[in-house]
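Work through these exercises with the structure open beside you. Try each task before you read its solution.

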Amino acid sequence: MHRQEPAPATAGGKARTRWEFGVKVSLAVTNARAPGGQFVLGARACAENPYDGHTLKTQLDQIERLTGQQVARAYVDLGYRGHDAKAGHTEIYISRQRGLSSPTIKRELRRRSAIEPVIGHLKSDGLLERNHLAGKHGDAINLILAAAGHNLRLILAWLRHLCALILIVLIAQHTEAAAA
C-alpha cells in the first residue's frame, strides 16, 4: 500500500528559501529621499496573518501616535485594495492607480516601490529572518529591534559622512594656514 506524504510548505517562489513561516509584518517608512535611505517610522507584527488591507488603519494610527503628526498621504501596494482606512483624513494611493492629476503624487507613488530594499535590509542586515524569540511577543520584539537597528545604521552612516566632511574642512583650513 502506498502512503501519501503531506505537501511541504511553499517557498514563495524563492529558490534559496525552502519554507517560509512566521507572522505578517506591516512597515511604514518615510517617502522622502534621505541621504542614507528611508527611516522606518512604524513596524507592527500581525500574528493572525490578516489581509493586508485590514492592517492599514492600525498602522496609520501607530504612525500618528509615534510622530504626533497626522499622515497626509499614504502610498500602498495592490494588496491594500479594499482597505479599512477610508474614513479618515489620510489620502490613500494604491499602486497603478489611474486618474492622478498631480505630478507630485505620481512621483511619490513611483517611490512606493523603494520600500522593498528596506524590507531586504531588515531581513539580511537586521536579522529579521532569524527570530530566536518565542511566541507573538517574541515576533513583535524581533521586528521592533530590527527596525530600530535599521534606523541606527542610517544615523551612523549620516554621522560618518558628517565627520568626513568636518575632517575635510579642517584639513583644508590647516593646509591654507600652513601655506600662508
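This is a predicted model: local features need pLDDT of at least 70, side-chain atom pairs count only at pLDDT 80 or more; totals for chains, interfaces and linings use all residues.

**Exercise 1.** Which pattern do the helices and strands follow along the sequence?

Solution. Start with the count: four helices and four strands. Helices (H or I, at least four residues) and strands (E, at least two) are DSSP runs, numbered from the N terminus. Now read along the sequence: the pattern is β-β-α-β-β-α-α-α.

**Exercise 2.** Classify Q62, T90 and K106: is each one buried, partly exposed or exposed?

Solution. First, the cut-offs. Buried means under 20% relative accessible area, exposed over 50%, and partly exposed in between (1.4 Å probe, protein chains only).

- Q62 lies in helix 1 (residues 56-67). Its relative accessibility is 9%, so Q62 counts as buried.
- T90 lies in the loop between strand 3 (73-76) and strand 4 (91-94). Its relative accessible area is 11%, so T90 is buried.
- K106 lies in helix 2 (residues 103-110). Its relative accessibility is 39%, so K106 counts as partly exposed.

**Exercise 3.** Leaving aside neighbours within four places in sequence, which residues are in contact with T90?

Solution. Contact means heavy atoms within 4.5 Å. With those neighbours set aside, T90 is in contact with L60, E64, V71, A72, R73 and A74. Take L60: T90 and L60 are 30 residues apart in sequence, and 8.5 Å apart in space, C-alpha to C-alpha. Apply the same rule to Q62: its contacts are G42, A43 and R44, leaving aside neighbours within four places in sequence.

**Exercise 4.** What span should the 45 residues of helix 4 have at 1.5 Å a residue?

Solution. The expected span is 1.5 Å times one less than the number of residues. For helix 4 that should be 66 Å, and its end C-alpha atoms are 66 Å apart, which agrees. Next, look at its buried residues, among them G138, N142, L143 and A146. The buried residues of helix 4 pack against strand 1 (24-29), strand 2 (40-46) and helix 3.

**Exercise 5.** At what angle do the axes of helix 3 and helix 4 cross?

Solution. Axes are lines fitted to C-alpha atoms, for helices over the stretch in contact, and angles run from 0 to 180 degrees between N-to-C directions. The axes of helix 3 (residues 115-124) and helix 4 (residues 135-179) come within 9 Å and cross at roughly 110°. Helix 3 and helix 4 are therefore roughly perpendicular (65 to 115 degrees; under 35 is roughly parallel, over 145 roughly antiparallel, the rest oblique). On helix 3, V118, H121 and L122 make the contact; on helix 4, A146, A147, H150 and R153 do.

Note on methods: Residues are numbered from 1 along each chain as its sequence is written. Side-chain values use heavy atoms; hydrogens and water are left out.
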